[in-house]
Each structure stands twice: as C-alpha cells, then as structure tokens.
Amino acid sequence: MTFHEIQFPPDIAYGASGGPEYLTSVVSMASGYEQRNANWSAARLKWNVASGLKHQTQLNTLIAFFRARKGRAYGFRFKDWTDYKATAQAIGTGDGTTKVFQLVKSYTSGAGNETRTITKPVFGTVAPYLGGVKQTSGWSINTATGILTFSIAPAQGVSVTADFEFDVPVRFDTDSMAVSIEQFDLHQWSDIPVIEIRV
C-alpha cells in the first residue's frame, strides 16, 4: 500500500495556507496578445501546513506523523477547512439498472464548470437521497474510493443526490525535516509542503 487511510491532524490543518493550483502555459505575442493553454483539466491542491503549528505538542505529533508516512512515500487524508463538504450534490440519475455511483462535487461560476471526483468521503457523513428522499438503508459507501452502491438500482429518471464531508488524498512534498530550535522546548518547522495526489 502506498496510501494510509489516516487523517492528518485536523487542528494543524486548520491553520494551513494554500488551495487549488492549475498549470497554464502562456505565450505572449509580439503584438501584445497572448495564447493561454490549460494543461490540467482539474485543479490540484497544495498547502504549506507549517503555519498551522501553534505549540510544541503539535510539532511532536507532526514529527511522528511525518516519520510514519516516511516523508513522501505514503499518502494520507487531509481536511481542507475551506472546502470539505457537499450538500444536495447531484451524482447521477437512475436508469433502473445502475446501482453504483461515484461521489463528485461540482463547482459552477457563470458558464464555467468543473466536476471533482471525491474519493475520500468521511465515515458517517454520507447521506444519499433518491428523488429528494433521504435513504436510511439499502446502500453502502466505500470510504476509500467514494463509490456509493445501492442494493436496488434507482428507478428510471430518479435523481440521485448526496450530502457528505470529504478529505483530500495528499502526501508530503518533502523527504526532509527542517526543524530549527528557537529556544528550550520550542522548535519551529518553517516549510511543510503537502500536495494532492491522484488516487
């Protein structure tokens, strides 16, 4: 396994700085016009969690977490406090045959839209709806993949929606610790990059 189903300490993640990142090639012409090419169809998230460290106990916890993940070797779950839940999110439409639906989250602004695959829902937070009616049984969720499975296929034309919270699959983007001693029993780790991985 190259992924550990464990959540990064959420109290440290709460103070992280970062967010979605794209890769765009921009070519400027002699006329002053430019050509832009979006190289990624979806954003990749990136943070620096060093700003989330507030006291020595948190640093001790982070050192243990970093060692257990062996730097960049193993992925883990990360709670993005700026974007960690979805409400009444459309995930499909019943056809009387399909039982399996992938959790997604859609982002729409004007004519622009991006649909994000959610692979790490949080256990106990998923609530599916069929035609707006909450389903309390007859379904299961795989919290390692984000796949929702119904025991009976939703009927033709029935909207399938869900409420859920989710984590982001990430890894450390460094193999080395750069901890400095500020004073007795007080240390600082200035740069701790964490980056989203595709799973």
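Two strands pair if DSSP finds at least two bridges between them. The views below show a predicted model.

**View 1. A three-stranded open sheet.** The strand order is β8-β14-β13. Pairing in this sheet is antiparallel. Which strands stand at the edges? They are β8 (100-102) and β13 (139-142). Each has a single partner strand, so one side of each is left without a neighbour in the sheet. Neighbouring strands here are turned by 20 degrees against each other on average, direction ignored.

**View 2. Close-up of β8 and β14.** Strand β14 covers residues 147-150. β8 and β14 pair in the antiparallel sense, over 3 bridges. Look for F101: L148 in β14 stands opposite this residue.

**View 3. A six-stranded open sheet.** Strands of a sheet pair through backbone hydrogen bonds, either parallel or antiparallel. Here the pairing is mixed. The order reads β1-β6-β16-β19-β5-β2. At the edges are β1 (3-7) and β2 (17-21), and each pairs on one side only. On average, neighbouring strands of this sheet are turned by 30 degrees against each other, direction ignored.

**View 4. Close-up of β5 and β19.** β5 spans residues 44-48, and β19 spans residues 193-196. The two strands pair in the antiparallel sense. How many bridges join β5 and β19? There are 3. W47 has V194 in β19 as its bridge partner.

View 5. Helix α2 is made of residues 56-69.

How values were computed:
Residues numbered from 1 in each chain as written. Predicted model: local features only at pLDDT ≥ 70, side-chain atom pairs only at ≥ 80, totals over all residues. Heavy atoms only, no water. Helix = DSSP H or I, 4+ residues; strand = E, 2+ residues; numbered from the N terminus. Axes fitted to C-alpha atoms, helices over the stretch in contact; angles between N-to-C directions. Contact = heavy atoms within 4.5 Å.
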